[in-house]
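Subject: Model for your files

Hello,

Here is the model I said I would pass on. Notes on what was found in it follow below.

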Amino acid sequence: MGETGQVAGGLTAYDREVLTAVNAGAASLSFVGSGFIVLCYVLFKELRKFSFKLVFYLALSDMLCSFFSMVGDPSRGFFCYLHGYSTHFFYVASFLWTTTIAFTLHRTVVRHKTDVEDMEAMFHLYVWGTSLVVTVVRSIGNNHSHLGTWCWSQSGRTGKALHLVTFYMPLWGAILYNGFTYFQVISMLKNARRMAAGMSDRTYQSDSRAEMKALNRWGYYPLILIGSWAFSTINRIHDFIEPSHKIFWLSVLDVGTAALMGLFNSIAYGLNSSVRRAIYERLDLFWPDRLKRWFPNSSKFRNQQQESELVALTNEDEH
């Protein structure tokens, strides 16, 4: 069920070794990046707000997916099954957690609702339940075998079609939903900003710059899934149409970008101003005075105004 297993057929042994190395290297980077966000959530109590809790679940899904991608061993049946089932499950879970973040932002900013925390149980049911269902559906009638260095490679057209339905439909559904949702959020905030354009005081100008920085950041969120899975989608469609003809360079891009999704998510969703400030405040406690003289501007970081990001927009202080 591992996504890389779909690109191995028809390639030489050397090609598969290259793809294995690319997958392992990229998955390792994603594991480190997502693991760092998980660690920050565990260590820093001020980050344990509902909005960042969703980021934590996203990072946890990415971390586990990267872990199983690295440890999958097709030479042993149990580990082959473990690799196949787990990577599919956590990949889909990662897609779906991004939709809960988009939903939370939209409900808070556009609809001005403050009941998102009450939906946490519903989010878990939606994410884990859907991931389990599509994983089980894909396993029906599947030939549990390994090919080269990956598990659960489906060679029949029925298996490939099932793969498209149970994996790529949730993926592109999440992409379309996120894109539409962030478009609405950004459009509403830009309209509000234009309505306040008559204000010329410095405070507003400072807030406006922070808001535009946040808007630019949100605009990149839907592009993460697109960038991570565009080559994989093209490769799946090509493999479905011409199963006997493999394109090696496309397979490399497929494997590499997909395995880097966890790293991309951890940078975009996780390393916001709240996380950076929490990290710096801890480092500042142990920062030698002689080094502070070399970096005089570093002490001002704590006093800078926090940019308008997802954590600030959930209005959690009102609860």
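Buried here means under 20% relative accessible area, exposed over 50% and partly exposed in between, with a 1.4 Å probe and protein chains only. This is a predicted model, in which local features need pLDDT of at least 70 and side-chain atom pairs count only at pLDDT 80 or more, while totals for chains, interfaces and linings use all residues. Residues are numbered from 1 along each chain as its sequence is written, and side-chain values use heavy atoms, with hydrogens and water left out.

Aromatic pairs: the structure holds 20 of them (Phe, Tyr or six-membered Trp rings with centres within 6.5 Å; planes under 30 degrees apart are stacked, over 60 edge-to-face, the rest tilted). The rings of Tyr41 and Phe56 have centres 4.3 Å apart and planes at 20 degrees, so they are stacked. Both Tyr41 and Phe56 are buried. Tyr221 and Tyr269 are also stacked, because their ring centres are 4.3 Å apart and their planes at 25 degrees. Tyr221 lies in helix α6 and Tyr269 in helix α8, so this pair ties together parts 48 residues apart in sequence (helices are DSSP runs of H or I, at least four residues, numbered from the N terminus). Tyr221 is buried, at 5% relative accessible area, and Tyr269 is buried at 3%.

Core: the largest nonpolar core has 51 residues, and Tyr269 is among those with the most contacts inside it (a core is a set of buried Ala, Val, Leu, Ile, Met, Phe, Trp, Tyr and Cys residues joined through side-chain atoms within 4.5 Å). Its largest share, 12 residues, comes from α3.

Regards

How values were computed
Helix = DSSP H or I, 4+ residues; strand = E, 2+ residues; numbered from the N terminus.
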